[in-house]
Amino acid sequence: MIDSLPAKLLNGGIAGLIGVTCVFPIDLAKTRLQNQQNGSRIYTSMSDCLIKTIRSEGFCGIYRGAAVNLTLVTPEKAIKLAANDFFRHQLSKDGRKLTLVREMLAGCGAGTCQVIVTTPMEMLKIQLQDAGRIEAQRKLIGQHAGGGGGKVNVVQLKSPTALQLSRDLLKDKGIAGLYKGLGATLLRDVPFSIIYFPLFANLNNLGRRNADGSAPFYISFLAGCFAGCTAAVVVNPVDVVKTRLQSLARGCHEDTYSGVKDCISKIIRHEGPSAFLKGSYCRALVIAPLFGIAQVVYFLGVGEFVLSLLPGQKR
């Protein structure tokens, strides 16, 4: 266990950067699959989405919005992992082993803290990720409209940058614009952390130990993957609602939503309950390695090693 708070924060940041770089294209496919509604389907699966994205937008297209994630994932993952450690420490001060309920309370605290960064990060990322889907739908409609023989020119719109989106949201709606979907984000991230952290801690305690009593890195990796995958699938219905609420641009004939309840009722009415599972396997493929890598980096203490190289630090 790492006692230094700066080391904890640095570990979380490094873990987030490595993880996001590896799995971001799958996350982009998840966002586009979750956002497409009945009657406006462009992609049939994750692989279909990635292939079509590369063909129409180039290889860099599958990393659209990655800059936002790479910038903000460091504080997000750092807050999440450090907050969980902090709450676990506070809840075990009496010297007793943490009960499952206390582990869940620590996870709840971590999930609540992280939304400070998660909500604006996801808000900006979703607009950038989904821009290609909206543009592809416009082109498809234009082609169908011109099918009768008349030529229809479809003007290609320039995708806004994260900075432009932030400026526009702050100008039009103030800080609340960046925190649209906060309630849905809490409904996703708090249950996720309540499931993930206790499950990881208990799985990580299984199997053989190192000489110092810590778990081998592969145990931490597998425990992080399994716990992350399980929690991701369980909360996927809320992730679909959050993604829909945070999407500002809509395709042709797509529903708009006024809140969580309105979104849930319209999805059930127009698309059926199965729509809440859209992108679930993509999300599992994103979260499993992301948290597996995060826990390995965290438990190996990479951040503590980096800090030891700084001037004035003990080596």
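1. Helices (H or I, at least four residues) and strands (E, at least two) are taken here as DSSP runs, numbered from the N terminus. On that basis the chain has 12 helices and zero strands. The span of residues 215–235 is 86% helix and 0% strand, and its end C-alpha atoms lie 28 Å apart.

2. This is a predicted model, in which local features need pLDDT of at least 70 and side-chain atom pairs count only at pLDDT 80 or more, while totals for chains, interfaces and linings use all residues. Residues are numbered from 1 along each chain as its sequence is written, and side-chain values use heavy atoms, with hydrogens and water left out.

3. The UniProt annotation "transmembrane region", from an unreviewed entry, covers residues 215–235 and 286–310. UniProt positions are given in the numbering used here, feature names are shortened, and annotations may be inferred rather than shown by experiment.

4. Of the 315 residues in the chain, 49% count as buried (under 20% relative accessible area; exposed is over 50% and partly exposed lies in between, with a 1.4 Å probe and protein chains only). The accessible surface of the chain is about 15400 Å², and carbon and sulfur atoms hold 66% of that. These areas come from the Shrake-Rupley method with a 1.4 Å probe. A contact means heavy atoms within 4.5 Å. Among contacts with a separation of 6 or more, 78% join residues 24 or more positions apart.

5. The largest nonpolar core has 31 residues; such a core is a set of buried Ala, Val, Leu, Ile, Met, Phe, Trp, Tyr and Cys residues joined through side-chain atoms within 4.5 Å. Helix 1 (5–35), helix 2 (46–57), helix 3 (66–91), helix 7, helix 8 (217–234) and helix 11 each supply at least two of its residues. Helix 1 gives the most, with six residues. Apart from this core lies another, of nine residues, including Ala184, Val240, Val241 and Leu245.

6. Among the residues with the most contacts inside the 31-residue core are Phe192, Tyr196 and Phe291. Aromatic rings of Phe, Tyr and Trp (its six-membered ring) pair if their centres lie within 6.5 Å; planes under 30 degrees apart count as stacked, over 60 as edge-to-face and the rest as tilted. The count comes to eight aromatic pairs. In one of them, Phe192 and Phe291 are tilted, at 5.3 Å centre to centre and 45° between the planes. This pair joins helix 7 (residues 182–204) to helix 11 (residues 280–300) across 99 residues of sequence. Phe192 is buried at 3% relative accessible area, and Phe291 is also buried, at 3%.

7. The rings of Tyr196 and Phe291 have centres 4.7 Å apart and planes at 55°, so this pair is tilted. Tyr196 is in helix 7 and Phe291 in helix 11, 95 residues apart; both are buried. Phe192, Tyr196, Phe197, Phe200 and Phe291 form one aromatic cluster. Leaving out residues up to four places away in sequence, Phe192 touches Lys80, Gly228, Ala231, Ala232, Val235, Arg283, Ile287 and Phe291.

8. Gln127 sits in helix 4 (residues 100–145) and is buried, with a relative accessible area of 11%. Its side chain reaches the backbone nitrogen of Leu248 at 2.9 Å. Beyond four places in sequence, Gln127 touches Leu165, Gln246, Ser247, Leu248 and Ala249.

Conventions
Polar contact = N/O pair within 3.5 Å; in protein donor to acceptor, adjacent residues only side chain to side chain.
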